[in-house]
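Please open the model in your viewer and keep the selection panel at hand. The stops below are meant to be followed in order.

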Amino acid sequence: MKFLDVEKYTPIQKSHEAYLKELVEYCKDTPRHPSYHIHSPCGLVNDPNGLAYFGGKYHVFYQWFPFGPEHGMKHWAHVISEDLVKWEWSDQMLIPDQEYEKNGCYSGNSIEADGKLYLYYTANYKTEQGKIPKQAMAVMNSDGTILKSPNNPIIDEQPEGLIGEIRDPFVFEKEGAYWMLLGGGSTDGQARLILYKSTDLENWVYQGNIELTGIDLELGYMYECPSYIEIDGKDVLFLSLMGRTPMGERFHNEFSSVYFIGELNLEDKTFHVESFDEIDKGFDFYAPQAFYGKDRQPMMFAWLGCGAQELPYAKEDMWIHSLTMPRFLTIKEGKLCQEVPENIKNEYAHLDIDSKRIKPEEDTWYINLTDKQISEIQIGDQEDHLSIKIDWAAGHIVADRSTLKHQFSTEYGIQREVSMSEELKNIEIYYDNTFIEIYLNDGKDTMTLRAFPENVEINLI
């Protein structure tokens with residue numbers, strides 16, 4: 001088909017309907033679609049937004065540029081599921097069609113109140129002098145219709161000492177009030193976690209910045225996608241860091257996402273950190289968002305991508321990236337643990353490890369390794385594969401993409417590694433047609449990445 005060359009900041013309009021329908025059909029016929037990772041019908045996916053269990057169903061919104069596999073005007077696409085396995089597209093989404101959001105509906109979260117789901121997002125507004133920070137709100141009613149607030153932007157200010165990059169609202173209820181976290185940075189180059197307060201979800205008052213205490217760690221020049229949740233009696237804060245330099249094995253992606261376990265004190269505007277770590281040690285993980293699922297199960301989705309790197313096949317496929325699978329969250333021994341829901345795990349073809357060479361019959365498969373005689377797993381053939389090297393006793397694992405024919409941007413790196421504080425007991429690998437999630441010791445550490453071997457087989461060495 002002939003692809004439409006649209007200006008970068010173009011929202012979906014009625015005149016695009018026929019073209020987008022044709023583009024969706026084109027993308028359906030391209031290979032490498034995952035079965036159990038949410039991905040768009042066309043164009044680019046990034047941050048998960050507005051995650052909720054609402055009205056007996058899971059609602060996932062995500063950042064979406066529909067016209068191609070690159071960053072452009074961001075919409076909030078919307079999919080719905082009852083079981084986290086089968087997802088249905090919803091035409092009820094956020095389209096940036098107002099002046100205050102003329103450069104896109106950027107990331108944010110949701111909160112349920114009064115039988116409605118309140119959606120918060122950054123209204124991206126660029127000028128020649130830089131961005132002007134604006135936060136907006138929409139409301140999804142019980143019938144699924146979504147209406148933007150007539151009072152948007154509900155926050156239209158830039159507090160003193162902060163740069164114009166203030167974004168990604170995360171709203172939660174605590175201590176009889178509503179609170180909003182925003183990511184940002186200061187005029188002197190330090191990342192800032194910004195706090196607002198409300199009694200009615202629409203009128204917000206600036207409270208200042210939350211300081212992380214009990215930790216001596218350089219955290220970059222800006223926070224993105226703050227997220228807060230209570231897990232097993234502990235406060236957990238997610239931050240996605242811009243400008244954080246590598247430290248040992250950590251922080252080697254262009255941007256890194258980190259969890260902090262501790263105690264949030266809203267009166268003192270502090271988060272006292274007891275432990276922290278990168279949430280995921282792979283190449284392709286960013287912008288996680290926490291929320292409560294059915295029965296208030298702490299959960300998370302993240303963007304299965306990172307930064308603006310080019311990926312093999314994207315330009316010809318006309319779609320790129322996905323979200324991670326949903327992950328259930330617990331805390332064990334001071335660490336955030338992540339597990340795949342059992343009903344999703346059961347959908348994968350479970351491979352029996354009864355030989356050193358396995359040829360999967362499906363594009364989507366799962367293996368669970370406990371054999372400590374295995375020192376390397378190769379996914380692909382001998383000439384073209386992803387290598388996963390294992391030191392069981394040291395709790396050390398290395399994912400190496402250097403032996404793949406279809407390479408990634410060289411500045412993106414070829415290896416990521418994990419050193420656990422205990423020996424490795426089991427390694428679970430989920431392969432979903434080039435989308436790979438690896439879970440170590442029942443999710444005490446994870447690695448998420450893409451790989452594009454031409455012939456998929458598994459060699460155990």
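Begin by selecting Lys335 and Asp445, whose side chains form a salt bridge with an N to O distance of 3.8 Å. Please bear in mind that this is a predicted model.

Next, colour the chain by domain: domain 1 spans 14-339 and domain 2 spans 348-460. Their C-alpha centres are 28 Å apart. To the contact between them, domain 1 contributes 36 residues and domain 2 contributes 35 residues.

Remain at this interface, where five salt bridges are found between domain 1 and domain 2. Residue pairs in polar contact between the two domains number 25, counting those with both residues at pLDDT 80 or more. Now select strand β24, residues 335-339: with five residues, this strand gives the most to the side of domain 1 that touches domain 2.

Then display the surface. About 3200 Å² is buried between domain 1 and domain 2, and carbon and sulfur atoms account for 54% of that area. Select Glu249, Lys281 and Phe283, which supply 24% of the area that domain 1 buries against domain 2, more than any other three residues.

The largest nonpolar core comprises 84 residues, and Trp365, Ile377, Ile379, Ile427, Ile429 and Ile438 have the most contacts inside it. Because domain 1 (14-339) and domain 2 (348-460) both give residues to this core, it lies between them.

Centre the view on Ile427; leaving aside residues up to four places away in sequence, its contacts include Ile367, Leu369, Trp392, Ile438 and Leu440. For the last stop, select Leu195, Leu212, Phe260 and Phe271, which are among the 25 residues of another core, apart from the largest one.

Definitions and conventions: Residues numbered from 1 in each chain as written. Predicted model: local features only at pLDDT ≥ 70, side-chain atom pairs only at ≥ 80, totals over all residues. Heavy atoms only, no water. Core = buried A, V, L, I, M, F, W, Y, C linked by side-chain atoms within 4.5 Å. Buried < 20%, exposed > 50% of the residue type's maximum accessible area, 1.4 Å probe, protein only. Domains from an automatic or database assignment. Contact = heavy atoms within 4.5 Å. Buried area = accessible area lost by both parts, 1.4 Å probe. Salt bridge = Lys/Arg side-chain N within 4 Å of Asp/Glu carboxyl O. Polar contact = N/O pair within 3.5 Å; in protein donor to acceptor, adjacent residues only side chain to side chain. Helix = DSSP H or I, 4+ residues; strand = E, 2+ residues; numbered from the N terminus.
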